[in-house]
Every structure is written in structure tokens, then in C-alpha cells.
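Open the model in your viewer and keep the sequence panel beside it. The stops below are given as selections, each followed by what is found there.

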Amino acid sequence: MSATESHGQMNTIEHLAAKDVFPLHAFGVDISITNQILVMWGAMFLIILFFFIASRKVKSIPHKVQNFAEIYLTVLWEPLEPSLGDKKWLPFFCAIFSLIFFCNLLGAIPGATPPTANINFTASLAFVVFLATHIVGVYKHGTQKYLLSLAPSGIPLPILIFLFPIEIVGQLVRPFSLAIRLFANLFAGHVVMLSIVGLIFVFKSYWIIPGSLFGNLIISLFEVFVAFIQAFIFTFLSAFYIGSALKTEH
């Protein structure tokens, strides 16, 4: 690999890295506002604005925004209901899905970097789900009963002693798999988009520009689909894990 190719690949990766927009430090801790944080704030603002407008004047005959919000929540809740049952979980999972989905969409804007392409962001979401899963499990069943429910019932004690640590490892792997799946798909998608645009600079030919831009457009449209799918998968698996914790049968 030549130095030029290596440098080009390095620039592609660096473009997806968080960049300080407003450098800040407090007590020796870096709390700088990065470009990815700004995208996340933008997503949060749009989510709050959307539901504020939708719920501002609720009518029996819904207006367009209210009708769209009801469809949005219904489509989200229907696949989650078999795992959770109780609709009180809808705000929690709506917040998770909407944050991931809107961050993905804003990240598709040229020049923007989605926080979902940062492992720190996805790991934080997965950690929240991990805590929620085991807190509700202990709250509903009690510590002893919940811990015993993690392993299959009715098996001999020697085998149980062997299987229980494996189950604990499995519980720890769950949030890791959630974080890696979301991060890897969004990161890979943006690397492909940047690589296609980078072909213009690699070949330095005007003939490459139409094909490169068309290819980037196709990938961008596909990324919108991926934005929804990845947000849904993360939300669905999170609901499945929490729903499993609410039940004693494992």
C-alpha cells in the first residue's frame, strides 16, 4: 500500500471521528462539545418539537401531525407488545428508537457525522438497557428469585454451578452485542459513502464525478433504510431483554 493510499484511508476514518467544536475543560476533564454531540442535540430538538406539535391540540379527529404521531407510535409498539405487554414501556422505547433513528437521519446529511457511528454513544445506550433489564428484574421478582431465574430450572446442582457463570457472561455480552451491531453498521455505511466520494480525488478525473455522485446518492438512500432498520433492531432486542427479565421463565 502506497503512502498516498494509506493517507487517503486515514482521512476517511478521521472524517468520522468526533471533532471538538467548542473545546471545554472542567477540573481536568475534557467536556468539549463535539460535532457528534451537536448532531445528537439536533436530533433531540427535532424529537421534542415533533411530539410537542403532535400533542399540543389533541383532537378526536386528529390533525395531520397528530395522526402521523399516532401511526408512528402504533407501528413501533405493535412488535414490542408481545415482549412487554404493558404499554407503560412505550415512552422509554419510543425515546430510544427516536433518538437512534433521528441521529442516523441527521448523520446522513453531507458533512454531518452521526453519534451512532461512535462506539461510546452506542455503548452508553446499551449500558442503559443493561441496567434497566436487571433493575426491573430484581424489582419485580426480588434479588434471589431473579438470579435463580437466569439459569434453567430443574437441573442438578453440579450442572447449575457450571451453567450459572456462563449465563452471567451471556448477560454481559448482550449489551456489548447491541453496541457493536449499531456502531458497526452505521460506521461501515459512512465509510463506504466517503470512499465512493474519495474516488474523485484518487483518480483525479472529471469522468469519475457523475458515477461517484450517483453511487453516493444510491448509498445515501440505502442509509435511510439502514437508519430505520438499525434503530428498530436495537429497540426490539432491548424490549426482548427487558421483557425476559420481567418473566421468571427462562
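Is F50 buried or exposed? Select F50 and show its surface before reading on. This is a predicted model, and in it F50 has a relative accessible area of 16%. The cut-off for buried is under 20%, so F50 counts as buried.

**F50 and its surroundings**

F50 is part of helix α2. Leaving out residues up to four places away in sequence, F50 touches V65, F68 and A69. Draw a distance between the C-alpha atoms of F50 and A69: the two residues are 19 apart along the chain, and the separation is 8.1 Å.

**The whole chain**

Zoom out and colour by secondary structure. There are 8 helices and 4 strands. Starting at the N terminus, the order of elements is α-β-β-β-β-α-α-α-α-α-α-α. The chain has 250 residues, of which 35% count as buried. Among contacts with a separation of 6 or more, 62% are between residues 24 or more positions apart.

**L38, also in α2**

Return to helix α2 and select L38. L38 has 34% relative accessibility and therefore counts as partly exposed. With residues up to four places away in sequence set aside, L38 touches V21 and I33.

**Helix α4**

Select residues 90-107, which form helix α4. How far apart are its end C-alpha atoms? They are 25 Å apart, and at 1.5 Å a residue the 18 residues should span 26 Å, so the two values agree. Colour α4 by accessibility next. Of its 18 residues, 14 are buried, so the helix is largely enclosed by the rest of the structure.

**Where α2 and α4 cross**

Show α2 and α4 together and hide the rest. Their axes come within 9 Å and cross at roughly 125°; the pair is therefore oblique. The crossing is right-handed. For the contacts, show side chains on both helices. On the α2 side, select V39, M40, G42, A43, M44, L46, I47 and F51. These meet C94, S98, L99, F102, C103, L106 and G107 in α4.

**The largest nonpolar core**

In soluble globular proteins, nonpolar side chains tend to be buried together. Here the largest nonpolar core has 43 residues. Select L84, W89, F93, F234 and I242, which have the most contacts inside this core. Two or more residues come from each of α2 (35-56), α3 (64-84), α4, α5 (119-141), α7 (157-203) and α8 (208-245). Which element gives the most to the core? Helix α4 does, with 11 residues.

Centre the view on F93. Setting aside neighbours within four places in sequence, F93 is in contact with L76, L80, L84, T235, S238, A239 and I242. Of these, L84 and I242 are also among the core residues selected above.

**S83, the last stop**

Finish at S83, in helix α3. Its relative accessible area is 15%, so S83 is buried. Show its partners: apart from residues up to four places away in sequence, S83 touches A239, F240, G243 and K247. A239 is also one of the contacts of F93.

Methods: Residues numbered from 1 in each chain as written. Predicted model: local features only at pLDDT ≥ 70, side-chain atom pairs only at ≥ 80, totals over all residues. Heavy atoms only, no water. Expected span 1.5 Å × (residues − 1). Buried < 20%, exposed > 50% of the residue type's maximum accessible area, 1.4 Å probe, protein only. Core = buried A, V, L, I, M, F, W, Y, C linked by side-chain atoms within 4.5 Å. Contact = heavy atoms within 4.5 Å. Axes fitted to C-alpha atoms, helices over the stretch in contact; angles between N-to-C directions. Parallel < 35°, antiparallel > 145°, perpendicular 65-115°, else oblique. Left-handed = near helix turned anticlockwise from the far one by under 90°.
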